[in-house]
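Here are my notes on this model, in numbered points. Please read them beside the sequence and the structure.

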Amino acid sequence: MTETTPFWDALATGVLRLPSGRLVRGRGLRKPLPEGPRPAFALHLLGRRPPPVDWDSIWVRWPDFRLPADREAAAEALREAWTRAGSERVEVACGGGVGRTGTALACLAVLDGVPAGEAVAYVRAHYSPRAVETPWQRRYVGRFVGRF
């Protein structure tokens, strides 16, 4: 894959293929940026403002092991990430790349047509078995479809 290709390599580490074929990369910001193409857009899910990056990004204030501070703003950011994943390299990232990232990826799966009650299992099967770490994150995903 070259830098000019608008999509992720489907076999690259952290890349989740949604049922529609959209590819989204999840990662932990405490780890080095992976080799290869950079995101065109990133959704950062952190309790504090992240350092600036050289690509478009949105910060959602989302403390570790919790839920987004502003759920409406989070839903809007997730919709933008899902839309942009249709034509760009989109990355979803939190500190470790598991709980908040997994929760957001499960919400993207809901937007992509996965039933809300199956989205956590989908992300655990196709991204990380540890994704979506807390009971309230699982409930958030289960109720996410009702936010639109």
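1. The structure holds seven salt bridges. A salt bridge here is a side-chain nitrogen of Lys or Arg within 4 Å of a carboxyl oxygen of Asp or Glu. This is a predicted model: local features need pLDDT of at least 70, side-chain atom pairs count only at pLDDT 80 or more, and totals for chains, interfaces and linings use all residues. Residues are numbered from 1 along each chain as its sequence is written, and side-chain values use heavy atoms, with hydrogens and water left out.

2. Look at Arg22 and Asp112. Their side chains form a salt bridge (3.8 Å, N to O). The pair links distant parts of the chain, 90 residues apart: Arg22 sits in the loop between β1 (15-17) and β2 (23-28), Asp112 in the loop between α2 and α3 (116-126). Helices (H or I, at least four residues) and strands (E, at least two) are DSSP runs, numbered from the N terminus. Both residues are buried. Buried means under 20% relative accessible area, exposed over 50%, partly exposed in between (1.4 Å probe, protein chains only).

3. Arg84 has a salt bridge with Glu80, with the closest N and O atoms 3.0 Å apart. Both lie in helix α1, four residues apart, about one turn of the helix. Arg84 is buried, at 16% relative accessible area. Glu80 is partly exposed, at 30%.

4. Glu88 also forms a salt bridge with Arg84, at 3.1 Å between the closest N and O atoms. Shared partners join Asp56, Glu80, Arg84 and Glu88 into one network of salt bridges.

5. Thr103 lies in helix α2 (residues 99-111). Thr103 counts as buried because its relative accessible area is 0%.
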